[in-house]
Amino acid sequence: MANSSGFNPEVFISHQFPETTYTYNERDAAIYALGVGACARDALDENELKYLYHKDGQQFIQVLPTFAALVSLESIPNISTIPGWQYDTRLLLHGQQYIEIYKPFPSSGCIKNKSSVSGLHDKGKAAILEVETLSYDESGELLCMNRATTYLRGAGGFSTSSHPFSYSKHPTNQVSAVKIPKSQPFAVFEDCTHPSQGLLYRLSGDYNPLHSDPLFAEVAGFSRPILHGLCTLGFAVRAIIRCICRGDPNMVKSILGRFLLHVYPGETLITEMWLEGSRVVYQVQVKERKRTVLSGYVDLNRLTSLL
């Protein structure tokens with residue numbers, strides 16, 4: 001565990017991860033779009049066919065902005081390479097994902113990733129770890145930034161002084177708290193996940209057995225495999241693009257998603273949206289259980305004049 005005598009948090013936060021590459025093509029982008037529900041209800045959907053097919057003669061398919069989360073998937077497993085760090089990744093909980101998009105994703109490419117520890121906080125019985133990944137396209141231009149926040153159960157207690165160890169390399173106000181308005185939402189979108197949604201989404205690279213293996217899910221305390229949190233995030237942002245951005249994915253500037261509760265494949269997701277200037281605050285509820293499973297915001301480059 002992290003609180004073993006061999007663990008040094010200062011060494012941990014200065015660890016240099018090796019650079020990685022992520023190569024993808026149009027097929028990968030289309031499989032991802034299907035994995036987050038694009039055209040699931042209507043194969044002729046004018047708003048979403050462009051993510052899967054060269055609609056109206058377009059040269060390339062368009063890529064959903066949440067595809068950015070896929071390029072950093074290998075960053076979290078790399079923590080096992082840090083000296084003095086021993087942790088059972090089955091106890092890891094993905095708490096939050098923050099994404100900044102600097103330019104639209106091409107329909108295919110080879111992306112170079114540079115990852116670093118951007119935050120580490122001792123919470124006593126647990127630790128909070130933030131890993132930041134900067135992704136560059138083939139021309140060397142910065143394409144996106146991902147910051148994944150994970151809650152590490154049983155990994156706390158490593159502080160050597162009376163003050164709990166806490167480190168963050170980014171401004172504390174860079175990602176603001178999510179406050180859901182009490183007013184009626186500006187827009188509401190209801191979408192159904194498919195019973196095999198997790199099996200489809202895992203084809204995009206997240207093969208955690210929690211989302212596919214019934215026995216593994218049962219040991220983890222669930223009645224059956226649960227949906228990937230990033231899949232739920234993809235459903236939510238796709239709803240915002242449809243309802244607020246009038247189908248234009250390039251309006252998305254940044255995305256914050258806080259994972260509050262699990263979703264079972266086959267459940268119905270209700271995304272509620274509120275406009276606050278150029279920010280869309282949202283929350284996602286499971287209709288069948290009446291539970292909020294995800295909340296966050298999406299910052300837009302501009303607002304459509306059609307609103």
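Residues are numbered from 1 along each chain as its sequence is written. In this predicted model, local features need pLDDT of at least 70 and side-chain atom pairs count only at pLDDT 80 or more, while totals for chains, interfaces and linings use all residues, and side-chain values use heavy atoms, with hydrogens and water left out.

Side chains of opposite charge can pair when their charged atoms come close. The whole structure holds 14 salt bridges (a side-chain nitrogen of Lys or Arg within 4 Å of a carboxyl oxygen of Asp or Glu). One of them joins Lys112 and Glu19, at 4.0 Å from N to O. Lys112 lies in strand 3 (residues 109-122) and Glu19 in the loop between helix 1 (9-13) and strand 1 (20-24), so the pair ties together parts 93 residues apart in sequence. Helices (H or I, at least four residues) and strands (E, at least two) are DSSP runs, numbered from the N terminus. Lys112 is partly exposed, at 39% relative accessible area (buried is under 20%, exposed over 50%, partly exposed in between; 1.4 Å probe, protein chains only). Glu19 is partly exposed, at 47%.

A salt bridge also links Lys103 and Glu141, with the closest N and O atoms 3.4 Å apart. Both residues sit in loops, and the pair ties together parts 38 residues apart in sequence. Lys103 is partly exposed, at 24%. Glu141 is partly exposed, at 45%.

Glu132 and Arg147 pair at 3.0 Å, N to O. Glu132 belongs to strand 4 and Arg147 to strand 5. Glu132 is buried, at 10%, and Arg147 is buried, at 4%. Elsewhere, salt bridges with shared partners join Arg41, Asp45, Glu48, Asp191, Arg238 and Arg242 into one network.
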